[in-house]
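Here is a short tour of a complex, written for someone who likes to know the cut-offs. Have the structure open as you read.

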Amino acid sequence: MTYLAKPKLHHPGLPKNALGYTRRDYEGAISTLCAGCGHDSISAAIIQAFFELDIAPHRVAKLSGIGCSSKTPTYFLGNSHGFNSVHGRMPSVLTGAALANRDLIYLGVSGDGDSASIGLGQFAHVLRRGVNMVYIVENNGVYGLTKGQFSATADRGSRSKRGAVNNDEPIDLVLLALALGATFVARGFSGDKTQLVPLIKAAVAHRGAAFIDVISPCVAFNNHPGSTKSYDYVREHNDAVNRLDFMPEREPIGVEYPEGGTRDVVLHDGGLLRLRKLDPDYDPSDKVRAMSFLEAHRARGEVVTGLLYLRPDSDDMHAALQTVDTPLNALSDSDLVPGNAALAGVNASLR
Amino acid sequence: MDPTDIARPDYFHKVVDCQWACPAHTPVPEYIRLIAAGRYGDAYIVNWRSNVFPGILGRTCDRPCEPACRRGRVEAGSPEHRKNASKPEPVAICRLKRVAADCKEDVRPRLLPRAAPRNGKRIALVGAGPAALTAARDLAPLGYECIVFDADPKAGGMMRSQIPKFRLPDRVIDEEVGYVLDQGIEFRGGARVDSLARLLAGDVGGRFDAVFVGSGAPRGRDLDIPGRREAAANIHIGIDWLSSVSFGHTTQIGRRVVVLGGGNTAMDCCRSSRRLGGEDVQVVVRSGFDEMKASPWEKEDAMHEGIPIHNYLVPLEFTHDRGKLTGVTFEKVTPRSDARGRRQLVPTGEPPVHFPCDDVLVAIGQENTFPWIERDLGLAFDDHGMPVVDRTTMASTLPAVFFGGDAAFGPKNIIWAVAHGHEAAISIDLRCRGESLSNRPPPHVNLLSQKMGIHEWSYDNAIHTDRRYRVPLKDTVIALKDIRAEVELGFDPRVAYAEAQRCLNCDVQTVFADRLCIECDACVDICPMDCITFTVNGNEADLRTRLSAPSSNAAQDLYVSVPVKTGRVMVKDEDVCLHCGLCAERCPTGAWDMQKFLLDVAHASDRLQPPQMATSHTGAASLAAD
């Protein structure tokens with residue numbers, strides 16, 4: 001953290017996006033997290049992704065719960081809508097907001113405590129409902145705000161900073177998300193923005209529940225030998241199954257890759273995902289095989305990263321509920337309260 | 001790229017753009033911090049050590065530091081400046097220097113001659129300008145007996161004779177020349193040296209162990225066109241005329257004056273004319289406005305006083321009537337590139353234009369002249385009539401004779417003369433001690449952590465977005481009435497503080513310790529100017545294409561680390577770094593540290609008494625990353 005506000009000056013050659021904004025226009029207030037926190041890198045990746053997607057900041061709603069991770073929405077997209085909710089209850093608030101105004105882009109930011117412990121139930125239901133959102137868990141395996149107790153995602157056998165060994169089974173949020181029906185599931189690492197930024201961009205373009213588990217080392221309490229969420233451990237055990245390029249529709253695709261090494265997926269908004277396979281055995285469209293692959297690698301202590309599962313023809317909660325295209329908060333009183341005659345019609349249809 | 005060797009003094013010195021650009025390598029950010037702290041005397045001493053004439057230079061310097069100033073580059077990326085469509089501008093370094101001189105307490109006790117017993121060696125210095133005075137100041141404390149000869153009655157050289165008093169009052173010259181002469185230096189005014197042979201033979205003031213020639217470039221170039229002889233009474237050579245004005249011999253000029261030339265002398269001529277009765281004063285220049293040699297601010301000052309500048313006009317002839325000048329005729333020209341791409345001025349074919357006037361001042365350049373140096377002494381001259389002088393040692397081909405200032409390499413400026421004087425003094429000292437001239441002392445270098453606490457630095461690292469402050473001027477009506485009334489009023493302490501805060505403290509260096517880096521990207525994410533990149537190594541041209549932000553200024557170095565854990569290297573583009581220290585504040589392991597780099601160029605006088613540098617802070621413990 002720092003006491004000095006980040007100077008307003010920026011590089012004279014800083015590029016602008018289609019809206020005329022520089023990346024700096026997507027920043028928020030200066031972070032008060034510990035110096036070197038992985039969460040700050042994730043914030044930087046989110047800033048980069050929204051800048052590159054040419055998204056107007058006021059079209060985004062960022063929601064969070066409680067914890068170090070949930071403080072971060074203050075530090076990015078300073079001109080977006082924000083809601084810092086109750087511990088573990090971000091998914092409910094986000095669901096409500098998404099119901100009321102389907103036109104915004106919803107970004108849920110949570111941590112391993114917020115999502116895997118107190119908010120585990122909420123986490124489950126927001127995914128199975130298919131709320132159209134990007135759900136990012138900034139996963140460091142410890143409770144940083146309370147000085148480093150193991151969280152529910154800490155691996156069995158890993159050691160705390162004081163040397164205590166964790167004897168509980170970890171909750172693997174990626175496997176859980178797959179089981180619960182998330183239609184876009186990925187894992188990234190805060191220390192690898194070249195992988196993380198395209199994952200966030202693709203998740204934004206995806207329609208339905210997109211979940212990204214980002215391993216984010218806690219420099220203060222979980223970056224020591226014996227930890228499985230430290231910079232060194234994740235770098236040594238990172239098994240990236242693929243690399244992603246995300247190309248919005250309007251840009252011509254110029255890069256060529258060797259035959260069989262890539263796979264293109266067209267998303268709902270016409271954007272194109274190009275997957276560069278790093279592991280020839282990994283197929284992100286096959287959920288069953290993906291789950292066994294992940295389980296097998298986890299058992300070996302490896303951290304599988306990349307786009308792990310994608311259902312391109314996914315739908316979201318609004319489709320399931322058959323709501324109108326106009327956001328509910330934009331409907332007029334006469335549409336919302338059509339009167340006795342309409343009620344009589346409904347009642348009659350049910351007799 | 002190979003890892004950057006930061007132990008090489010030049011590396012960090014080059015990052016301090018202003019100090020690097022200054023011929024005398026004045027530690028600019030150091031004295032600016034002292035000014036901000038209200039320690040004007042200390043700021044003055046820092047200057048005095050390096051450039052000898054802070055008050056004079058604070059008014060008249062050519063300021064090579066300012067175009068180099070990083071502030072000018074970083075403001076180009078300021079949203080604030082874009083909004084106001086204002087020009088990015090450097091810190092007003094020169095005028096801050098004047099503040100140190102104006103506001104200082106009595107520094108005389110600190111400048112007292114450090115009494116060393118006379119060492120029996122005698123040095124003659126020809127000309128009492130900035131070069132010779134600098135050399136004498138450096139040599140006198142070592143025990144040398146220095147005797148300065150000058151044709152003028154008072155010391156100061158061109159600073160006194162050619163710079164108008166409304167830019168540089170006599171009291172400032174008297175004070176600072178006095179500080180030098182008070183070091184136990186003998187000045188012989190009104191004593192023109194007219195033979196080097198006799199000087200060397202001991203016929204002028206006795207035998208000398210070395211001679212320093214700082215006689216300047218005293219001859220103004222003439223313009224030999226029709227009418228020059230006939231109208232001679234009203235055609236004056238610029239620098240001679242200025243000198244005559246300066247010493248009070250000339251007190252008036254005609255109502256209509258044409259000044260020929262586009263350099264700083266021309267600007268001084270036209271502004272002086274306005275004060276001596278010239279009501280209709282015009283400057284006429286061969287070249288275009290932007291190509292004029294005069295400093296932009298001097299052109300501004302002239303125009304501010306209602307003096308028009310006419311460009312692309314080549315003088316054809318002086319018109320006259322019965323021996324009296326009536327005007328000057330000019331041919332209109334236009335710039336055009338020739339077949340080889342060189343710019344040339346070609347006539348437009350339009351009829352000549354006539355500027356009627358009563359007096360003409362010719363300020364089209366200066367030349368060196370050495371009629372007093374016999375050509376059979378073994379002192380070599382080149383084809384242009386210039387002495388052959390070594391650019392490092394300032395030595396001529398005659399072992400005991402050294403040159404400096406305009407006499408060495410042709411007309412330059414005061415700060416270059418000072419730099420020459422320092423180097424010549426080192427050479428003279430080496431020679432008198434029988435050492436090789438190549439055995440030059442290294443600079444004094446100090447690199448010290450500025451860390452005081454987790455978020456505390458011993459320098460003010462907040463970045464201010466103020467735009468450059470203007471120096472207040474005396475009302476033109478009043479200023480034009482008195483040629484001795486100084487036009488620029490100088491910053492008051494309050495404005496000086498605000499201007500000083502614009503300085504980025506480029507001497508507080510970002511120092512990277514690769515062993516401590518855990519590659520968390522915190523520095524990359526926080527850097528407001530996107531200076532830092534972690535990437536795989538490559539050659540410089542390749543690396544410059546792969547950095548976080550465009551890297552188009554190849555004149556600025558890349559700071560490259562040895563490979564860190566993942567095999568990548570840290571690359572920092574020094575170009576637009578704000579030196580705000582956010583990288584170091586955000587670094588969880590202290591791999592980045594802010595360390596003040598203080599480089600003090602060696603001076604001859606340091607040999608007996610090493611410099612005691614004033615520092616802009618006290619008591620900072622060294623918390624270097626080691």
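## The open sheet of chain A

In what order do the eight strands of the open sheet in chain A lie? The order is 2-1-3-4-8-7-13-9, and the pairing is mixed. At the edges are strand 2 (81-84) and strand 9 (238-240) of chain A, each pairing on one side only. Strands here are DSSP runs of E with at least two residues, helices are runs of H or I with at least four, and both are numbered from the N terminus. Two strands pair if DSSP finds at least two bridges between them.

Strand 1 (residues 60-64) and strand 3 (residues 105-111) of chain A pair in the parallel sense over five bridges. A:K62 stands opposite A:L107 in strand 3 of chain A.

Residues are numbered from 1 along each chain as its sequence is written, with chains lettered from A and ligands numbered from 1 in the order in which they are written.

The predictor gives the complex an ipTM of 0.89 and a pTM of 0.90. Chain B has a mean pLDDT (the predictor's confidence in each residue, from 0 to 100) of 92, and 96% of its residues reach 70 or more. Over residues 618-626 of chain B, the pLDDT is below 50. Where pLDDT is low, the predicted coordinates should not be read in detail.

Terms used. This is a predicted model: local features need pLDDT of at least 70, side-chain atom pairs count only at pLDDT 80 or more; totals for chains, interfaces and linings use all residues. Two residues are in contact if their C-beta atoms, placed from the backbone, lie within 7 Å.
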